[in-house]
Amino acid sequence: MKVMVAVKRVVDYAVKIRVKPDKTGVETKNVKMSMNPFCEIAVEEALRIRESGLATEVVAVTVGPPQFVETLRTGLAMGVDRGILVECGEGGGGLGPLGVAKVLRALVELEKPGLLILGKQAIDDDCNQTGQMVAGLLKWPQGTFASKVVLDKEKQTATVDREVDGGIETVCLNLPAVITTDLRLNQPRYATLPNIMKAKSKPIKKYTPEDLKVEVRSDSEVIQVVEPPKRKAGVMIRSVDELIDKLQNEARVI
Amino acid sequence: MPTKTEKWRRSLSLALRTIGAVSSPHTSPHPRSLPFTRRELHCGRGIWRGFLSLRKPWWGTDTFGSDIRGFGTESTMLKRNPKFSTLNDDDIRYFKELLGEKNVVQDEDALAAVNTDWMHKYRGSSKLMLQPRNANEVSLILKYCNSRCLAVVPQGGNTGLVGGSVPVFDEVIVSLGAMNNIISFDKVSGILVCEAGCILESLVNFLDQQGFIMPLDLGAKGSCQIGGNVSTNAGGLRLLLYGSLHGNVLGLETVLATGDVLDMLGTLRKDNTGYDLKHLFIGSEGSLGIVTKVSILTPPKLPSVNVAFLACHDYSSCQKLLFEAKLKLGEILSAFEFLDEQAMDLALNHLEGVRNPLPPSLHNFYVLIETTGSHETYDKEKLEAFLVYSMELGLISDGVVAQDLQQASSVWRIREGIPEALMKAGAVYKYDLSIPVEKMYDLVDEMRNRLGSSARVVGYGHLGDGNLHLNISCPQYDDKVFTQIEPFVYEWTSKNRGSISAEHGVGLMKAEKIFYSKSPGAVQLMASIKNLLDPNGILNPYKVLPRSS
């Protein structure tokens, strides 16, 4: 069985982001970019599935501008077998979740994996939509917010523990299926030197959306991006009397 | 935790042993630096005072048992210099008028914290802490103290490791914490002017907004203040790339013991007019003047940071790796740290949330390499090419490259967390030595031979700077172990022309040991300068220079 993992290149999780002065988006020039943390978890899960013998190959795919190939290289350095880049405009503004989902559908029909794993959301847009949309387009079952995945080869099912507000929900999906990963699924491995060296010779295939016969059209336009209003500084109160006075007269809660 | 009777019994036996030990060759200090003559020690009052202070262990109870002997020894054997006056009500009144009631702290609980150092090794008994808000107030404070001959300890973040930031007796603490304004920042040149009480981390955050970084980075950044960093010539993790504070500090404003404000606050990169006095104050540990403003050159924040964690089979591979790194990585090499198997073991066992990047077993040596540059892809290629080359040469047996900042900080956590892990593991004897790179690990091996199974010897440090942090860990402080360590460590370092304090400074802990690394002539000149700038010796007494000078 082949496992396909979709990954995205985003501003590194640890970087303090700033809004561009013209308010068209977040500053990405000269800023450290890395693989989306949830995508890392997805890659790790795919690798573990392969190492347990339930899959033969792991393919990493990404949809975006040419720089996204760096993220594929990270995946290859972790141990992924092959990479596919679908080149198109800026990943963030140009191609939203629906566009990416359509491209992924085309890739799935091309590669025919038994399992498609994605991160639950990207930390730049927090959409949390791509996985669900792909599953809808493919008419595949989905297990989102996965915190545990157990595959059964014979029955060709995946049992997924989902993190939901009320606790943990366990669903059983028939393969092929779409899984989106949540934080507690696993801890991604470091890229070891031998793997980094091997990664240089692993193939990366490039497509354009036209090659895959996918129409890429953005239905939404980002009008403005602003920072949230700054929190006002608190007031230091010197005595209990002053506190009572303020609660009574200013806040009017007593 | 030892019971009270046990503590008393230990104190008594310790006192007796110390008296006996002084005459034994193993614990005698270096002859040239004998701080007090044997005659003084045997005089009744000296011993009685020593015994008295040993009776009640005022250095606090630590979770791992109080160190009754070792580190407090210097101070328990010290006598308060009678020339210093004691505080009286007139003094308090003067300070309250000068600074306002709020900035004159006499509350015992508040004082307890500032009287003790970060490692809980030293505790003074100051009765007064002053919090001036500007250089003028500092000047008036010192002028007054000088006229009254009141001893003063300047204190910043109190994160020093050699007891230099806390009083020994009842010195007045002058805390710079209230002077935390950023005065100016020039975006073009990167020159930052700020007051001495600015916490390093807040400066880092401010500069981050501007696209710059501080040229120094250390584990204590959340608490240490820039004035203290400058006064102790702090080193840290970035010294390899950005150099020491002597190179980055462009100007200082300091207040001398007499109260004179010495304005050397230049913001010029180059200024060759006369003697460059600020260098005297950088690293003087508060004994020549109190730093009140700092003007520092900050480098631009470069976006591409890569961290690699590598395993080496032996120490000579680490050395060769350093050479290759300098050659192949060139200007992007920003940190080169090493740690041995013992350090790794401690870090994995005692630090939370830390996992082994190179499972499953432990390797003999680990090297952490960090690169900082402006071009992500270019730097990564350079780093990977270097790593592949080193692997082919057999210098590295395994390694990982962090793929994002989160992984990078996890890897750094291992190296930065070793001091914390050592504290959790029990008692630790800590040494910070500068040794020629090729001989650095020989000392660790020799200490292992000397101590055998009685203690665990851990070696780690800034290999790129030739700085070894030698730590000896045992379940409890043990005199038998201590006598095997000192003065052997200092003698060994001195013999190999190293420094007994690479970056931690001398403070109280090593004041008497300065002769292991500096000639008597040099120390004599230092004493003359001290006398010139601080004739009454009120600034940070008992520290930095040996009492004999």
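**Close-up views of a predicted model**

**View 1. The hairpin of E7(A) and E8(A).** In this hairpin, four residues lie between the strands, and Gln156(A) adopts a positive phi near 55°. Strand E7 (residues 142-152) of chain A runs antiparallel to E8(A), and six bridges join the two. Within E8(A), Asp161(A) is the residue opposite Lys148(A).

**View 2. Strand E8 of chain A and its hairpin with E9(A).** Let's follow the chain onward: E8(A) also forms a hairpin with E9(A), this one with two residues between the strands. Eight bridges pair E8(A) with strand E9 (residues 167-174) of chain A in the antiparallel sense. Here Leu173(A) in E9(A) faces Ala158(A).

**View 3. An open sheet in chain B.** Four strands line up here in the order E1-E2-E4-E3, with mixed pairing. Strands E1 (104-105) and E3 (152-155) of chain B are at the edges; each has a single partner strand, so one side of each has no neighbour in the sheet. Further in, strand E2 (residues 129-130) and strand E4 (residues 172-175) of chain B are parallel, paired over two bridges. Look for Leu130(B), whose bridge partner in E4(B) is Val174(B).

**View 4. A patch of negative charge on the surface of chain B.** Glu438(B), Asp442(B), Asp445(B) and Glu446(B) come together in this patch. Asp445(B) sits in helix H18 (residues 440-451) of chain B. Its relative accessible area is 36%, so Asp445(B) counts as partly exposed.

How values were computed
Residues numbered from 1 in each chain as written. Chains lettered and ligands numbered in written order. Predicted model: local features only at pLDDT ≥ 70, side-chain atom pairs only at ≥ 80, totals over all residues. Heavy atoms only, no water. Patch = residues over 30% accessible without salt bridge, like charges linked within 9 Å, V, L, I, M, F, W, Y side chains within 5 Å. Areas by Shrake-Rupley, 256 points an atom, 1.4 Å probe, with all protein chains shown as cover. Salt bridge = Lys/Arg side-chain N within 4 Å of Asp/Glu carboxyl O. Lys, Arg positive; Asp, Glu negative; His and termini not counted. Charge placed at Lys NZ, Arg CZ, Asp CG, Glu CD. Buried < 20%, exposed > 50% of the residue type's maximum accessible area, 1.4 Å probe, protein only. Pairing = 2+ DSSP bridges.
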